[in-house]
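Have the sequence and the 3D view at hand as you read.

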Amino acid sequence: MKRDFLGRTLAVIRDLSIEEQLFLYRKTRELKQKWYNNEDVSEFKIKKRNVGIYIVFVEPSTRTRESFINAAKFHSGENVKVNVFDSEHSSFNKQESYVDTFCMLTGYSDYSIFVVRTKLEGVCRLLERKVGEYAIRNGLEVPSFINAGDGKHEHPTQELLDEYTFLEKNNFDNSFIHIALVGDLLHGRTVHSKVDGLRIFKNVRVDLIAPREIAMPDHYVEKMVRNGFEVRTFESIEQYLKQPDVAKIWYFTRLQLERMGEDILEKEHILREAVTFKREFLDRLPEGVKFYHPLPRHKLYPTIPTFLDPLPLNGWEEQARNGYWVRIVLLSMFGGALEAPFDTTKREPSYEEDFIVPAPITHGEKGVQKDGKRGIKPIENGTVIDHVAKGKTPEEIYSTIVKIRKILHLYDVDSADGIFRSSDGSYKGYISLPNRYLTKGEIKKLAAISPNTTVNIIKDSRVVEKYRIKLPPTIYGFKELRCKNENCITNPVHGEDVKPSFVRNEKGLFVCEYCDTPHTFEEIWSI
Ligand code: CP
């Protein structure tokens, strides 16, 4: 049974199970207590030989970068080197890719932990995969990657320190939390991480306070609901305080103007007004309320104004200091100093699902059962792909036929295709391939291009095999796939040569495995 966390990557908060997150919070509490009681804390120090901790920030930061540098220095010594990577003067400026850069760095220590902040989204997931492969083929230990914030995607270590701070406020009782998230919920990656991070509490109530222009994206709200959270939405603090059920934990974020388009920026003043706390709101707050903020706050327009600093509701100063402790413990775990009292084997999701289902063959079923006048002749041997895009318009059906032919390389073969009207009045397409048998691999590909079609394998004018193909649980490996998020590391404009991959969620949407952007089936194809 595995008990360590070596080689683990924290790209999104879900990369640590709830049990693992709670373990980290318990250990952080222990470390803080021991430190302030002047007790021995050597059990938290990394003892593994020749470990390199690399701090790689390609986007500005004060708290995350400096608290990680200090947390890494807690571990530094004979065994552990701390390296602050100078990205401005690195070969990134000579167009070196992320993957090449991190492969190089991996070779300079026996074991490496990388703390990485980027504007692009999904970088740590890419590095986990590609640099992991590099390490294995070179006989090196697989390194760890820690996402220190990637674009507007996630900020999992901020999430760890936030949740730790909420637990501290709750005397480490994780049975219930009622929290208000206030501010720029559209661009704030720290609030996006809350969708999963708050699952450490058994009962969760979330109040979302933001004008529509900077509201939490629907897919995150839907995920909160699927996680069992009770969710309410409000457009301003003013509106929120007009109702009686006000949360005792408020989590503010700043307006991320640097990520906003011109259309939103025009309304900047109105948006700020809606999510900035005012003096006259003070006496409408419940007893014992605490305010938190991932910081930085804007020096001219802070959503938590400075007149609140000396008040007991100030929770953000302790919260920021907790970043140091939580990050020490995370490095202790990923550096092998702390082992869990439970199995830490990472459970990869299973995508086993029958999406190619054998269908009954009607006795006497012939090659192609089309109307002889409008259709094609029955084939004696080969494959007929039928029911293509059934129910869609003829234009959509034709475009699906083109997509199938293009991706399965079915242009230079003897073939025919067409669009028919079914007995129920709807349209459907077919492709007939004389003397060409689709392989199982091709049928799997077909499921990813055109689900709900039927494949007939014909021999001696008889249908000998028939399959109904459904939407597969994952789609990957096609050069024609695109994530619609321009900031995603898979987007070709970033030149990292990484093919997107998508996982189908409970709503039938395809979620990018790198940046978590959901897509409809049609949206993932760029043909
Ligand atoms: N909270 C946070 O990520 O702050 P920095 O951008 O200063 O690291």
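Let's begin with strand E4 (residues 144–150): 7 of its 7 residues are buried, so E4 is largely enclosed by the rest of the structure. Buried here means under 20% relative accessible area, exposed means over 50%, and partly exposed is in between, with a 1.4 Å probe and protein chains only. Helices (H or I, at least four residues) and strands (E, at least two) are DSSP runs, numbered from the N terminus.

A word on the model before going further: it is predicted, so local features need pLDDT of at least 70, side-chain atom pairs count only at pLDDT 80 or more, and totals for chains, interfaces and linings use all residues. Residues are numbered from 1 along each chain as its sequence is written, and side-chain values use heavy atoms, with hydrogens and water left out.

**Strand partners**

E4 is joined to strand E3 (residues 111–118) by 5 bridges, and these two strands run parallel. Within that pairing, Val116 stands opposite Asn147 in E4. Two strands pair if DSSP finds at least two bridges between them.

A parallel open sheet of 5 strands has the order E7-E6-E5-E8-E9. Strand E7 (230–234) and E9 are at its edges with a single partner strand each, so one side of each has no neighbour in the sheet. On average, neighbouring strands of this sheet are turned by 20° against each other, direction ignored. Inside this sheet, E5 pairs with strand E8 (residues 249–252) in the parallel sense over 4 bridges, and Ile179 stands opposite Ile249 in E8.

**The antiparallel sheet and its helices**

An open sheet of 6 strands is paired antiparallel, in the order E10-E15-E14-E11-E13-E12. Which strands stand at the edges? They are E10 (356–358) and E12 (416–421); each has a single partner strand, so one side of each is left without a neighbour in the sheet. The twist from one strand to the next averages 25°. Axes are lines fitted to C-alpha atoms, for helices over the stretch in contact, and angles run from 0 to 180 degrees between N-to-C directions.

In this sheet, strand E11 (residues 382–388) and strand E14 (residues 454–459) run antiparallel and are joined by 5 bridges, with Gly382 opposite Ile458 in E14. Helix H13 (residues 440–449) packs on the sheet, where it touches E10, E11, E14 and strand E15 (462–469), and its direction makes about 40° with that of E15. Helix H12 (residues 394–407) lies across E11, E12 and strand E13 (427–434), running at about 30° to E13. Contact means heavy atoms within 4.5 Å.

**The ligand and its surroundings**

Residues around the ligand include Ser61, Arg63, Thr64, Arg117, Gln158 and Leu295; a residue is near a molecule if one of its heavy atoms lies within 4 Å of it.

| Residue | Protein atom | Ligand atom | Distance |
|---|---|---|---|
| Thr62 | backbone N or O | oxygen | 2.8 Å |
| His155 | side-chain N or O | oxygen | 2.9 Å |
| Pro294 | polar backbone atom | nitrogen | 2.8 Å |

Taken alone, the ligand exposes 260 Å², and the protein buries 91% of that. Accessible areas come from the Shrake-Rupley method with a 1.4 Å probe; for residues, only the protein chains shown count as cover.

Pro296 is also one of the residues around the ligand. The peptide bond from Leu295 to Pro296 is cis, with omega near 5°, and Pro296 lies in the loop between strand E9 (290–292) and helix H11 (316–334).

**Arg189**

Is Arg189 buried or exposed? At 8% relative accessibility, Arg189 counts as buried. Arg189 sits in helix H6 (residues 189–197), and its side chain makes a polar contact with the side chain of Glu59 at 3.3 Å. A polar contact is a pair of N or O atoms within 3.5 Å; within protein, one must be able to donate a hydrogen and the other to accept it, and residues adjacent in sequence count only if both atoms are side-chain atoms. Leaving aside neighbours within four places in sequence, Arg189 is in contact with residues including Arg117, His155 and Arg259.

**Two positive phi values**

Phe172, a residue other than glycine, has a positive phi near 60°. Phe172 lies in the loop between helix H5 (156–169) and strand E5 (176–182) and, at 25% relative accessibility, counts as partly exposed.

Asp497 is not a glycine, yet has a positive phi of about 55°. Asp497 is placed in the loop between strand E16 (474–476) and strand E17 (501–504), and at 76% relative accessibility Asp497 counts as exposed.
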